[in-house]
Amino acid sequence: MIRVLSAKKMQSVAYVSRQKICDRLLSTAADRPTVFERAWMGFKHLIGKIPPTKRERVELQELRLALLSIHSRRYEEDNPNQSHENKLSKLWKENERLKNVGLRYEIQVELVPELLELFETYHLVDKQLESSPKQIDMLLFQDYEETCRAQHHSSSNNDYFLSTKRGALEILLRDFGRSDSIPPKALPWESSSSGGKHWYDQLDEFGYNGKNAKLDVYKAIRYHQAYNMARSFLIKQHLGYSVLALKSNLAQAGRGMFLDGTAPSGAILAFFPGQVWPREYLISPTHEVIEYLSWKNNPNFQLHFRGDDYCFDCRASPYTVLKESNPWAIAHIANHAPWCQANSRSIGINFFEKMRLNSSLRKYIPNEYAKPPTLMGGSILDRDAIEMHSFCLINRRREISYEEILFDYNLSFLPEEMPEWYLQAGYKSNGMHEVYS
């Protein structure tokens with residue numbers, strides 16, 4: 001009897017955490033439910049007496065669309081010459097029978113092989129660069145020549161990305177002594193009129209202002225930018241696409257994340273780096289946790305919540321990826337999408353123990369726990385043992401190429417007034433047409 005009650009209590013805690021976690025973080029201790037109240041709410045969840053919250057309904061739609069995007073890619077790869085609208089309609093109906101937990105697991109199963117392929121590609125690229133560090137100069141110049149050729153044949157939709165990438169490569173190549181091949185150009189903060197410029201206009205093509213930077217800091221940043229550009233170029237050769245952090249095309253946005261190449265529907269685009277807060281620490285947070293994770297300490301909106309209430313704190317994550325780390329851990333740089341312009345969506349993904357990642361691949365997991373998960377957080381109910389909870393962006397369209405990656409920050413669930421710049425990125429109510437947009 002005691003064993004049965006303990007299992008129910010575990011399930012209660014797991015379901016209670018589906019409540020509006022933001023409200024909990026900002027509420028006072030007196031407003032938060034007691035242990036008994038939380039257990040009773042969880043029990044009513046189990047027997048279906050509490051309807052899903054607005055947040056759960058939105059996540060349900062997002063999960064169905066994400067799984068449909070992934071299935072769309074798989075079907076196109078297997079049947080490249082066949083129309084697949086009827087097949088997708090059938091898949092959509094099959095997905096409708098699954099709820100949030102089932103959909104999360106199905107997406108996880110679909111993405112695990114892709115995760116392993118990405119990590120193995122990162123490792124191969126890093127080994128190649130480590131064996132001959134001097135080839136970075138050569139790779140940058142090769143990438144520069146290809147970018148120049150692409151500019152001559154590109155559509156107007158790709159102009160901003162290609163011109164910005166070309167400018168970024170020119171900055172690095174000048175530092176590598178390629179001034180004979182690269183036209184001279186002053187950096188934005190070096191011109192005589194820079195003093196009267198707006199802060200955004202003083203950023204270079206990387207979205208960086210080095211006006212007041214110390215020489216050693218400036219050189220270190222340029223080195224890592226060059227290394228990341230070379231890594232991205234090699235990854236693109238393996239996978240057909242990669243991602244870069246450059247100056248955003250959105251007014252006053254600073255940096256942004258861009259796709260270099262063509263990514264298929266449902267493909268992983270980037271990872272959210274930083275600390276992971278398991279949900280059990282947020283159900284009844286201490287005063288210190290409430291203060292640390294409060295929205296007033298999140299001016300750049302780099303606290304992200306998965307649908308199962310795991311919190312990802314990207315605030316201390318660097319904008320320039322360092323060596324020996326995940327080169328795509330730049331999702332925190334991606335900007336919020338204006339209305340109906342989102343081309344990616346955030347999806348929770350886990351690294352299972354059964355994936356058996358060795359040390360050469362495990363270093364690409366871009367997260368660490370702020371505090372270790374406990375059995376009371378519901379981990380005892382997981383189908384497979386999880387080594388690390390993670391969060392990523394995937395392509396939400398049929399295919400995207402050479403453009404800035406944007407996603408919905410989904411701030412409509414904030415327990416306070418939304419910022420003025422925020423416009424929630426909408427999606428079609430039936431979800432079917434979005435895959436083809």
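A: In this predicted model, helix α7 covers residues 135-153, and its 19 residues reach 28 Å from the first C-alpha to the last, which is close to the 27 Å expected at 1.5 Å a residue. The buried residues of α7 are Gln 135, Ile 136, Asp 137, Leu 139, Leu 140, Phe 141, Asp 143, Tyr 144, Thr 147 and Cys 148. As a background to such a list, an α-helix has 3.6 residues a turn, so residues three or four places apart point the same way. What covers the buried residues of α7 includes α6 (100-131), α8 (159-175) and α9 (215-239).

The structure holds 19 aromatic pairs, and one of them joins Tyr 122 and Trp 328 edge-to-face, at 5.7 Å centre to centre and with 65° between the planes. This pair links distant parts of the chain, since Tyr 122 belongs to helix α6 while Trp 328 lies in the loop between β6 (311-313) and β7 (335-336), 206 residues apart. Tyr 122 counts as buried because its relative accessibility is 0%, and Trp 328 is likewise buried, with a relative accessible area of 0%. A second pair, formed by Phe 312 and Phe 391, is stacked, with 5.3 Å from centre to centre and 20° between the planes. Here too distant parts of the chain are linked, with Phe 312 in strand β6 and Phe 391 in strand β10 (residues 386-395), 79 residues apart. Phe 312 has a relative accessible area of 0% and is therefore buried, and Phe 391, at 4% relative accessibility, also counts as buried.

Strand β6, which holds Phe 312, is part of an open sheet of 4 strands in the order β5-β6-β4-β9, with mixed pairing. The edge strands of this sheet are β5 (303-305) and β9 (367-369), each of which pairs on one side only. Neighbouring strands of the sheet are turned against each other by 30° on average, direction ignored. Strand β4 (residues 274-277) and β9 run parallel and are joined by 3 bridges, and the bridge partner of Gln 275 in β9 is Glu 368.

Between β5 and β6 lies a loop that contains Asp 309, a residue with a positive phi of about 75° although it is not a glycine. Asp 309 is buried, because its relative accessible area is 0%. Tyr 402, also a residue other than glycine, has a positive phi near 45° and is placed in the loop between β11 (399-401) and β12 (404-407). At 23% relative accessibility, Tyr 402 counts as partly exposed.

One further loop deserves a look, the one between β1 (241-247) and β2 (255-264), where Ser 248 is found. Ser 248 counts as buried because its relative accessibility is 0%. Leaving aside neighbours within four places in sequence, the contacts of Ser 248 are Tyr 160, Tyr 200, Ala 253, Gly 254, Arg 255, Gly 256, Phe 258, Asn 335 and Glu 404. In another place, the charged end of Lys 354 sits over the ring of Phe 352, 5.8 Å from its centre.

Conventions. Residues numbered from 1 in each chain as written. Predicted model: local features only at pLDDT ≥ 70, side-chain atom pairs only at ≥ 80, totals over all residues. Heavy atoms only, no water. Helix = DSSP H or I, 4+ residues; strand = E, 2+ residues; numbered from the N terminus. Expected span 1.5 Å × (residues − 1). Buried < 20%, exposed > 50% of the residue type's maximum accessible area, 1.4 Å probe, protein only. Contact = heavy atoms within 4.5 Å. Phe/Tyr/Trp six-rings, centres within 6.5 Å; stacked < 30°, edge-to-face > 60°. Lys NZ or Arg CZ within 6 Å of the ring centre and 35° of its normal. Pairing = 2+ DSSP bridges. Axes fitted to C-alpha atoms, helices over the stretch in contact; angles between N-to-C directions.
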